[in-house]
Each structure stands twice: as C-alpha cells, then as structure tokens.
Amino acid sequence: MAGRNHSVVTDFFLIAFTEHPQWGLPLFLLFLSFYLVTLLGNAGMIILICKDRQLHTPMYFFLGHLSFVDMCYSSVIVPQMLAVLLDHGAAISQARCAAQFFLFTFFASIDCYLLAIMAYDRYVAVCQPLLYVTIMTEKACWGLVAGAYVAGFVSAFVRTVTAFTLSFCGNNEIDFIFCDLPPLLKLTCGESFTQEVVIIVFATFVMPACILVILVSYLFIIMAIMKIRSAGGRAKTFSTCASHLTAVSLFFGTLIFMYLRDNSGQSSEEDRVVSVLYTVVTPMLNPLIYSLRNKEVKEAVLKALSRSKASGRP
C-alpha cells in the first residue's frame, strides 16, 4: 500500500468495456436485445405455467420461480451496464453499489438453491415415482422455495454488511460490469482478510453445497436409469432431466470459473466476459432451453398459439 493515495472513496466509477469506445453502441444494442429477450422469455414462461393446467406440477412450480429470479437478477445488472456502455462509464454511489451487490447476491443465491431443489425434485420423480405425490406436496414445494428465499437473503445480508464495512480509498474505478466483491476488494485500504474469508465461506457453503445436492441426485437418477431394460425407456426418463442439466451446467460452470479459481494474475477482460455469461446470457437462455428440450412446454406453447389464432378469427 506504500505510496498509494489514501483519500476516502464515497463514489465509484464503473468503466467496464470503456477502453474500446467504438464497441459502445454495438455492445449496447446487443445487450439490450439480450435483456429484452430475457424479460419476454421468462415472463412468457411464468404466464405459460400459470395458464396451462398441464404445467401445474412441482417441477414447473420451481421453474416459474427460477424464471422470476432470472428476470430480477438480470434487471439488477443489465440496466446499469447499458448506462456504462452508452455514457462510456457511469458513476455509482457507495449506497447504490451496496444495494446492487446485495440484490445480485440475493437473487444469484436463490438461483443456486432453486437449481438444487429442482435436481432433488427430479430424483424423487425418477427414483421414488410411487411416493412422488406424497413427498412433493404443495406445502413441501412452498416450504422449499421459501427456504431458498430466506437462505438467499441471509447470505446476501451477511456478505453485503461485511463487504461494505471496508474502507475504500485511492482509485475509485471498477473495471467490471457491476459492484461485485472481487473488484471491490482491489480498492480497499488496509487489511481485508475478514472479507476475503466471507468470499471463501460463501463459495464453500453455497455453491459446493448446491452442486453436491445436484451431483448426488443425478448419481441416483443415473443408477435408476441404468436399471431400465429398454433403451427407449432410458432415453425417455433421461430426457426429463436434460433441460435441467443444461441449465445447471451453464450457470454453475461460469460461477465456478469466476469464484472458485485462483484469482492471482486474473484478467479483468476475461472476468468481464464470464460475468456477462452468467448475468446476461444464462437468464436469456433458460426459457429457450426449457422450451426447446421439453415436450410438455412445447405442447403448452402450441396450445397457447392455437388459442391465440382461434380468438383472433372473426
């Protein structure tokens, strides 16, 4: 810290992608289109699940909440990023930065828990089919979702309070698309050991715990599928899990790369690209994944379109 300007920072300046001014407008239009598709796709999925009685099952109940959370956490990040691209940088107060960090952590944590819950739901459906209705009752589903929201809130609250008890000084530029803990730690004065421990604790108990639930659930699912004699039966059973596995791979793959790797010598540009994947691209792709790879959702979409055409006729 020797020789560093120790003037206290009360505002930050987001500068992600501003080193290439010529990219500003093209990236703005690209991310705006992604954001609009995210809102329309996830809102459409929620409406479809609410309207179609065939989709009134635990799996789609959880998928509806996943779509809602994806809309929310994308909305926490993308509008701010669009302002940065349009104005070639954007000032953000410490209070607003803390609010953005809290909301992002809140919704991202819920996303982790929901994906783990959906893996458990698939385990019960495949491995305990006769007990599925008894285990996955409406009360149990609401309890699991409520638990995800409460755990997400606790995780976000602890991390936010811990992070923003730090003192920030010197350079106030954040070369990232939003207020996240790794770039914020680069602006701290003095010791940040406690805050870094919080990152490790979060990484150790949230992501790996959810990943463990998912891996164990799919281990039992694969064992159950292997016991099915017909190849058609195995393919049909596994197809019910394919969409969820794709969504899990996209979401956790980028988060693991971002938070569970050695940060020494990391590239800011690399980090920004990865952050775009899990904040912009993944929420946009989830409705498409569940629509294109899920027979029931495709049937519900076709029914909705046919009803729309029928109502439009004179």
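Accessible areas in this account come from the Shrake-Rupley method with a 1.4 Å probe. On that basis the protein, which is a predicted model, exposes about 15,400 Å². Carbon and sulfur atoms supply 69% of that area. Of the 314 residues of the protein, 48% count as buried.

The protein has eleven helices and three strands. From the N terminus on, the elements run β-α-α-β-α-α-α-β-α-α-α-α-α-α. Among contacts between residues at least 6 apart in sequence, 80% join residues at least 24 apart. An unreviewed UniProt entry lists residues 27-50, 62-86, 98-120, 140-158, 197-225, 237-260 and 272-292 under "transmembrane region". Two of these spans were examined in the model. Residues 62-86 are 100% helix and 0% strand, and the C-alpha atoms at the ends of this span lie 36 Å apart. Residues 98-120 are likewise 100% helix and 0% strand, with 33 Å between the end C-alpha atoms.

The three strands form an open sheet in the order 2-1-3, and the pairing is mixed. Strand 2 and strand 3 stand at the edges, each with a single partner strand, so one side of each is left without a neighbour in the sheet. Strand 1 (residues 11-14) pairs with strand 2 (residues 90-93) in the antiparallel sense over four bridges. Within this pairing, aspartate 11 stands opposite serine 93, phenylalanine 13 has alanine 91 as its bridge partner, and leucine 14 stands opposite alanine 90. The pairing of strand 1 with strand 3 (residues 173-174) is parallel and runs over two bridges. Here leucine 14 stands opposite isoleucine 174 in strand 3.

The covered face of strand 1 holds Phe12 and Leu14, and the uncovered face holds Asp11 and Phe13. In strand 2, Ala90 and Ile92 make up the covered face, whereas Ala91 and Ser93 lie on the uncovered one. Leaving aside neighbours within four places in sequence, phenylalanine 31 is in contact with Phe17, Val78, Met81, Leu82, Leu85, Val276 and Val280.

Alanine 116 lies in helix 3. With a relative accessible area of 7%, alanine 116 is buried, because the limit for a buried residue is under 20%. Beyond its neighbours within four places in sequence, alanine 116 is in contact with Cys210, Val213 and Ile214. The C-alpha atoms of alanine 116 and isoleucine 211 are separated by 7.0 Å, although these residues are 95 apart along the chain.

Histidine 244 lies in helix 9 (residues 231-259). The relative accessibility of histidine 244 is 3%, so this residue counts as buried. Leaving aside neighbours within four places in sequence, the contacts of histidine 244 are Leu115, Met118, Ala119, Tyr218 and Tyr290.

Side chains of opposite charge can pair when their charged atoms come close. The count for the model comes to one salt bridge. This salt bridge is formed by arginine 122 with aspartate 121, and the closest N and O atoms are 2.9 Å apart. Both arginine 122 and aspartate 121 are buried.

Methods. Residues numbered from 1 in each chain as written. Predicted model: local features only at pLDDT ≥ 70, side-chain atom pairs only at ≥ 80, totals over all residues. Heavy atoms only, no water. Salt bridge = Lys/Arg side-chain N within 4 Å of Asp/Glu carboxyl O. Buried < 20%, exposed > 50% of the residue type's maximum accessible area, 1.4 Å probe, protein only. UniProt positions renumbered as here; feature names shortened; annotations may be inferred. Contact = heavy atoms within 4.5 Å. Pairing = 2+ DSSP bridges.
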